[in-house]
Amino acid sequence: MSELKIQIEREIDIIAARQAGRQMAGQLGFSATDQTLIATAISEVARNILIYAQRGEIQLEQIADGTRTGIQVVAADEGPGIENTDLALRDGYSTKNSLGLGLPGARRLMDDFTLASELGHGTRVTMKKWRR
Amino acid sequence: MPVPILKQGDTLIASIVAALSDDDLLQFRDDLATKIGTVRARGVVVDVTALDVLDSFATRTLRGIAYTAKLRGAETVIVGIQPEVAYTLVQLGLTFEGVSTALDLEEGLALLAAKKQARK
């Protein structure tokens, strides 16, 4: 299936990204519950892009591993990067005093979660969820 | 899109009808706090039936709205949290601690009526 990219520059883009994620997850046969988990995880990482990098991109892609089908969500930005990625994944930690759970929240909703960040160059969050 | 706030007796009913932007939510919080004063409301029902996603920002903002209403003298009940949304909130470890919830608008109004009766 296709790959989809959603630019994140304004707040309403968060809604567009999570709706696109839900739609793709639905087409891939994810349950209603999993669609909601995926859409919510996208909402968390997309908001993080806006808060920390101002702009970036959400990439959605169908993935396969043997007989398994899944969805991959990449949140990529060219923002300031994260100084301490361990700290960024800790509950309740925020450098912007935001209300969001952000990365630790998104991690809890997905099966697989990796965070790569380089100071001054940007951040890339890759999350996967497999269809049960 | 602003959230319409309707008055029924001493209760305000706000139905969130579409996915709200963060700004809409904050506007709703301010509108509600003001309207509680102008109509002297004692109860607020916030209906989130139409929301298919409640992320951490929206959840914490809604909780803040309920606390703000409480400080203005009105009890808030949040109604209509969808089953998938409820499960997601549990996964996120988020709660509406200290805020009443009910299945739907009818149950929410009944809960407020019961609380009012208890105050007498």
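How many residues of chain A are in contact with residues of chain B, and how many of chain B with chain A? I put this to the model, which is a predicted one. I found 19 residues of chain A in contact with 17 residues of chain B.

**Entry 1: the side of chain A that touches chain B.** I next looked up which elements supply this side. Those giving two or more residues are α1 (11–27), α2 (32–53) and α4 (102–109) of chain A. I noted that α2(A) gives the most, with nine residues.

**Entry 2: secondary structure of chain A.** I counted four helices and five strands in chain A. I read their order along the sequence as β-α-α-β-β-α-α-β-β.

**Entry 3: overall dimensions.** I looked up the radius of gyration of chain A, which is 14 Å. The globule rule gives 14 Å for 132 residues, and the value for chain A is close to this, so I recorded the chain as being as compact as a globular protein of that length. I also took the extent of the C-alpha trace along its principal axes, which is about 40 × 25 × 25 Å for chain A.

**Entry 4: burial and contacts within chain A.** I found that 39% of the 132 residues of chain A count as buried. For this entry, a residue is buried if 20 or more other C-beta atoms lie within 10 Å of its own. Turning to contacts in chain A with a separation of 6 or more, I noted that residues 24 or more positions apart account for 63% of them.

Technical notes:
Residues are numbered from 1 along each chain as its sequence is written. Chains are lettered from A and ligands numbered from 1 in the order in which they are written. This is a predicted model: local features need pLDDT of at least 70, side-chain atom pairs count only at pLDDT 80 or more; totals for chains, interfaces and linings use all residues. Two residues are in contact if their C-beta atoms, placed from the backbone, lie within 7 Å. The radius of gyration is taken over C-alpha atoms; the globule rule is 2.2 Å times the number of residues to the power 0.38. A residue is buried if 20 or more other C-beta atoms lie within 10 Å of its own, exposed if 12 or fewer, and partly exposed in between; C-beta atoms are placed from the backbone.
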